[in-house]
Amino acid sequence: MSNIISSGPALQGPDLDKPLYTPIKRRSFFMYAGATAGATALVLAGCSKSDSSPGTVSVGSGDVGVLNYAYALEQLEAAFYTQVRTGSYYTGANAAEKQILDDLYYHEVIHRDFFKAAITGAGATPIKALTPDFSKIDFTSKSSVLGAAQAFEDLGVAAYNGAGKFITTPAYLVIAGKIVSVEARHAALIRDLVQEGNFVGGDVINLSGTNNNNGLSPLSTEYSKLPSVVVATANTYLADGSKLDVSGLG
């Protein structure tokens, strides 16, 4: 079946977006800024491949492949914040830190469920539920948790920026742009927790105002990473059998 997303009319009614709101108990900016922006827009046609080999999971190709790629990354982030909330750093954190981590948890869960519901509801095939491997992260340590959170959020922003070129349907490029803007807010918040007032850095945007050796111009300030580069990092946090194959995205 085709891996191309239809550019037809938006879905109507509560069926698609219902699972996005069911688990939510509190209304906050982070929960609604990104997920609701695209909740009625995804109409897919066709399906994508799942496992490409016993050790990897193929996201497929075309627009469905990009959505499965985003779904995979949101799975990883949601799993991370789920485990954060069971660790002793979180349980001993102050109220402000807990509030931020809770907001990020709920929002990543919304994004994860959003992609799965959209792909499944339109008859395409989402990749399987991935098994994370967070053995490198010490969930009792504030510095370990926040360092990992910063790495995940920065990686997510660069991933969305880098995947935009593979989207062929303009409506989905708009959706990706809205979601990445929220992920960037996540990244800024985490950086501020790591060091107050330090919500951005030269490792994620071009602060020089000139062209740099990464080819980033002053008019395009955020760094981007191709899927192959992103999964080289993401796969270190995924168990065998859940590591991603993004070769179908080019």
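**Notebook: helix packing and ring pairs**

I began with two long-numbered neighbours and noted that helix α5 passes helix α7 in a left-handed crossing. The model I am reading is a predicted one, and I keep that in mind for every entry below.

**Entry on α5 and α7.** I looked up the residue ranges and found that α5 covers residues 95-121 and α7 covers residues 170-194, with the two packing at an angle of about 155° and their axes 11 Å apart. Because an angle over 145 degrees counts as roughly antiparallel, I wrote down that α5 and α7 are roughly antiparallel to each other. I then asked which residues make the contact. On the α5 side I listed Glu97, Ile100, Leu101, Leu104, His107, Glu108, His111, Phe114 and Phe115, and on the α7 side Ile175, Ile179, Val182, Glu183, His186, Leu189, Ile190 and Leu193.

**Entry on α3 and α8.** Next I turned to α3 and α8, which pack at an angle of about 25° with their axes 12 Å apart. Since angles under 35 degrees count as roughly parallel, α3 is roughly parallel to α8. Here too I noted a left-handed crossing, α3 passing α8. In this contact Tyr69, Leu73 and Leu76 of α3 meet Pro227, Val230, Val231 and Ala234 of α8, and the residues divide into 7 nonpolar, no polar and no charged.

**Entry on the aromatic rings.** How many aromatic pairs does the structure hold? I found 9 of them, and I followed two in detail. Phenylalanine 80 and phenylalanine 134 form an edge-to-face pair, with 6.0 Å from centre to centre and 75° between the planes. Phenylalanine 80 sits in helix α3 (residues 62-84) and phenylalanine 134 in the loop between α5 and α6, so that the pair links parts of the chain 54 residues apart. Are these two residues buried or exposed? Both phenylalanine 80 and phenylalanine 134 are buried.

The second pair I followed is phenylalanine 152 with tyrosine 237, whose ring centres are 4.9 Å apart and whose planes stand at 65°, so this pair is edge-to-face as well. Phenylalanine 152 lies in helix α6 and tyrosine 237 in the loop between α8 and β2, so the pair ties together parts that are 85 residues apart in sequence. Phenylalanine 152 has 5% relative accessibility and therefore counts as buried, and tyrosine 237, at 16%, counts as buried too.

Technical notes: Residues are numbered from 1 along each chain as its sequence is written. This is a predicted model: local features need pLDDT of at least 70, side-chain atom pairs count only at pLDDT 80 or more; totals for chains, interfaces and linings use all residues. Side-chain values use heavy atoms; hydrogens and water are left out. Axes are lines fitted to C-alpha atoms, for helices over the stretch in contact, and angles run from 0 to 180 degrees between N-to-C directions. Helices (H or I, at least four residues) and strands (E, at least two) are DSSP runs, numbered from the N terminus. Angles under 35 degrees count as roughly parallel, over 145 as roughly antiparallel, 65 to 115 as roughly perpendicular and the rest as oblique. A crossing is left-handed if the near helix is turned anticlockwise from the far one by less than a right angle, and right-handed if clockwise. Contact means heavy atoms within 4.5 Å. Rings of Phe, Tyr and Trp (its six-membered ring) pair if their centres lie within 6.5 Å; planes under 30 degrees apart count as stacked, over 60 as edge-to-face and the rest as tilted. Buried means under 20% relative accessible area, exposed over 50%, partly exposed in between (1.4 Å probe, protein chains only). Ala, Val, Leu, Ile, Met, Phe, Trp, Tyr, Cys and Pro count as nonpolar, Asp, Glu, Lys and Arg as charged, and the others, Gly among them, as polar.
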